[in-house]
Amino acid sequence: NDLKLFLGNDVAVISTEAYSNCNRNLHNAVFYKSGTFESVVDITLDFEKYQNRNNNFQIIKFENCSKSLILVNVHLASDGNAKIVEGSEHAEDLRNLEQLLTYLENQFSDAYIMAGGDFNFSDDLLSKHFSDNQVLNNWLLDDENTTGKGTQTTLTQAGQMGNAMDHFIYSPSLKNKICKLAFNENKNDPWNFALGVLHVQKHGETVIRIGNMKEVSFIDYHTYISDHFPIITEINL
């Protein structure tokens with residue numbers, strides 16, 4: 001609610017707080033501009049059997065005059081990310097997500113479907129898991145044409161880039177609808193992202209700005225905003 005007030009009166013929010021069984025700090029939320037869609041419906045509870053141990057999937061259906069967009073908001077819990085150990089809770093969470101996306105694709109064959117968020121797995125591990133288990137074979141992970149695929153998006157307390165754990169995966173029907181993905185396009189500066197995340201060095205201090213927001217120090221960003229840089233995409237529906 002605090003973030004909604006910060007974003008403005010024309011922004012609506014759907015939170016998992018009412019039905020999530022996870023730590024309050026791990027609740028998911030989707031914010032959207034009111035009036036942009038004909039209808040916005042939280043259908044998460046229709047798919048409870050696919051939820052992971054922290055109930056951290058959120059499934060929102062956006063309706064417009066054309067196809068529907070089904071957005072799956074993802075936050076998989078972290079158990080370490082060096083490998084995927086079959087049978088572990090972490091791997092089972094990922095398998096539940098794979099089954100959920102496969103089911104959504106079958107049930108909503110005319111809809112665009114996208115999942116995005118913190119997977120706590122690298123793109124290499126995800127790709128291998130999809131391939132080994134023969135799931136989501138025709139789906140796209142991040143952007144196959146993006147130079148910054150698998151770019152680092154997590155931040156360490158020391159002010160360094162960490163691991164590449166944040167991703168978009170989407171159904172093939174969305175491929176030609178993706179306008180931009182905000183992955184790193186400047187290999188000389190791992191902090192600069194294509195859609196508005198800027199890294200500035202001022203007086204020996206790391207300063208971060210996202211879009212048109214005011215500049216904040218790295219310490220304040222890490223403490224009050226997030227330990228991840230945002231991943232951003234533009235979709236032309």
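Guide: Before the sheet is described, one criterion is needed: two strands pair if DSSP finds at least two bridges between them. The model is a predicted one.

Visitor: Which residue in S5 stands opposite Phe62?
Guide: Strand S4 (residues 57–63) and strand S5 (residues 69–75) run antiparallel and are joined by six bridges. Opposite Phe62 stands, in S5, Leu69.

Visitor: Which residues make up the covered face of strand S2?
Guide: S2 runs antiparallel to strand S1 (residues 11–15), with five bridges joining the two, and Val13 stands opposite Phe31 in S2. Phe31 belongs, together with Ala29 and Lys33, to the uncovered face of strand S2 (residues 29–33). The covered face consists of Val30 and Tyr32.

Visitor: At roughly what angle do the axes of helix H2 and helix H3 cross?
Guide: Two packed helices are described by the distance between their axes and by the angle between them. The axes of helix H2 (residues 89–107) and helix H3 (residues 123–132) come within 12 Å, and H2 passes H3 in a right-handed crossing. The contact involves Leu94, Arg95 and Glu98 of H2 with Leu126, His129 and Phe130 of H3, a set that divides into three nonpolar, one polar and two charged residues. The axes cross at roughly 65°.

Notes: Residues are numbered from 1 along each chain as its sequence is written. This is a predicted model: local features need pLDDT of at least 70, side-chain atom pairs count only at pLDDT 80 or more; totals for chains, interfaces and linings use all residues. Side-chain values use heavy atoms; hydrogens and water are left out. Helices (H or I, at least four residues) and strands (E, at least two) are DSSP runs, numbered from the N terminus. Axes are lines fitted to C-alpha atoms, for helices over the stretch in contact, and angles run from 0 to 180 degrees between N-to-C directions. A crossing is left-handed if the near helix is turned anticlockwise from the far one by less than a right angle, and right-handed if clockwise. Contact means heavy atoms within 4.5 Å. Ala, Val, Leu, Ile, Met, Phe, Trp, Tyr, Cys and Pro count as nonpolar, Asp, Glu, Lys and Arg as charged, and the others, Gly among them, as polar. Buried means under 20% relative accessible area, exposed over 50%, partly exposed in between (1.4 Å probe, protein chains only).
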